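Reader: I would like the terms behind this model set against their values. Please start from the surface.

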Amino acid sequence: MEVAALFALTLLLGALVILVALAVGRRKEEIREEIEQAAEFAAEGSVSKGPAASKKPKQEKQRSRKDKASQHTFSHPLLAASLKSHSANVTCLDFSSNGKYLASCADDRTVRIWSTKDFLEREHKCLRANVELDHATLVRFSPDSRAFITWLANGDTIRIFKMIKKEDGTFSFKASSEDFPQNHKAPILNIGIAETGKFIMSASTDTTIHIWDLKGEVLASINTNQMTNSYAAISPCGRFVASCGFTPDVKVWEVCFGKGGEFREVARAFDLKGHSAGVHAFAFSNDSHKMVTVSKDGTWKLWNTNVEYKKQQDPYLLKTVPCASSEGSRVALSPDGRVVAISDGCNVAMYDATSGQLEEELHGVHSEEITDLRFDINGRFLACSGDKAIRVFHNAPGYRAAIRDMQEMLKKAQNEAMKQRLQQQITEAQSALDTVLAAPVD
């Protein structure tokens, strides 16, 4: 009897040892990351530098040096900044509507908030929001720039974070108590919050787009009937939702609300028809009056979408331009509609939207395929992600296009006051461009 009891106790102790070993192994990575987080917070100024900084384990220092040595290097005259605080690949970017911040999320289970005013500084500090027990693949700012939403990779749902400003001017981040319900059955493509603040959109790779209220209730579901979706987004004006995919069309819907703010319906608005193959992606100008599309047919097209679609008026095709593109290509249209940027693998091309002329070619920007491409709200910068770094470029083509437009206006100006004003603006724009081109490469 005693032998049997001893044998059972031995088995129990053995099982406990195995369980402890498994638990330690499972936590090993999380413990290592906590050490990294503490070091990063110290570097960001939240902890003053002191003797404790020298106590970081030797092995950790060696690993950091090895990581830095293996980072992809890139330089270009238009490169304004390389933002490098993420420890894993960056999957999404978003500029706040007030122009002050850039949000980025990565596979390192963090969202970083960068200050755009630091882009031209030597150091690029950021604030860090941890995504507990998951990581975010998408991030979008709220219209008031005081919150952001994320798409959780493992949870397959939306989580909202509030940005709480502290007395020292920095932010803390508080996640909502409950995530949105799981509702998609296929991998997610994009999420967004309408600038009106009335709804949230989520779109997946099947033919599904959900329209949510801010509390996580589905207001409507759209079947795009495109076999598969490749991209979807909300227009900057907050009225429209658009999608593209396997078919050669881009479909646009209006999300309609009553005068009292109550949701009414999702109504088909208009289609962009003209490509001969599926569309990779699209983008809006800031006033939603123009759209640009990039397709498998090897072209990008610029459209005038400022039409009375309720009177059956169709968008106008303004320009068709040959370009290089591939699966996963992204396109960005500067807020003023003057510059088109297109990613193709690890490369970016920038075009003058009016003439279609290729202005800049940026080769090997990232070591891996570009995941996101965005202009800031003021049109000064173009940012892209693809590996652990975020590259920020001066929008030199935008300055050139603005100068050309003002020179044309100057020729037609009738009164002297207008001529003087335009000449001053041309001089200021040329000075800004000269400063950009003369700046040392980061």
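Reader: What makes up the accessible surface of the protein?

Author: The accessible surface comes to about 22700 Å², and 53% of it belongs to carbon and sulfur atoms. Accessible areas come from the Shrake-Rupley method with a 1.4 Å probe; for residues, only the protein chains shown count as cover. This is a predicted model: local features need pLDDT of at least 70, side-chain atom pairs count only at pLDDT 80 or more, and totals for chains, interfaces and linings use all residues. Residues are numbered from 1 along each chain as its sequence is written, and side-chain values use heavy atoms, with hydrogens and water left out.

Reader: Why does Thr150 count as buried?

Author: Buried means under 20% relative accessible area (exposed is over 50%, partly exposed in between; 1.4 Å probe, protein chains only). Thr150 has 0% relative accessibility, so Thr150 counts as buried. Of the 442 residues of the protein, 47% count as buried.

Reader: Which residues is Thr150 in contact with, leaving aside neighbours within four places in sequence?

Author: Contact means heavy atoms within 4.5 Å. Among the residues in contact with Thr150 are Val111, Ala136, Leu138, Phe161 and Ile191. Thr150 itself lies in strand β7 (residues 147-152). Strands (E, at least two residues) and helices (H or I, at least four) are DSSP runs, numbered from the N terminus.
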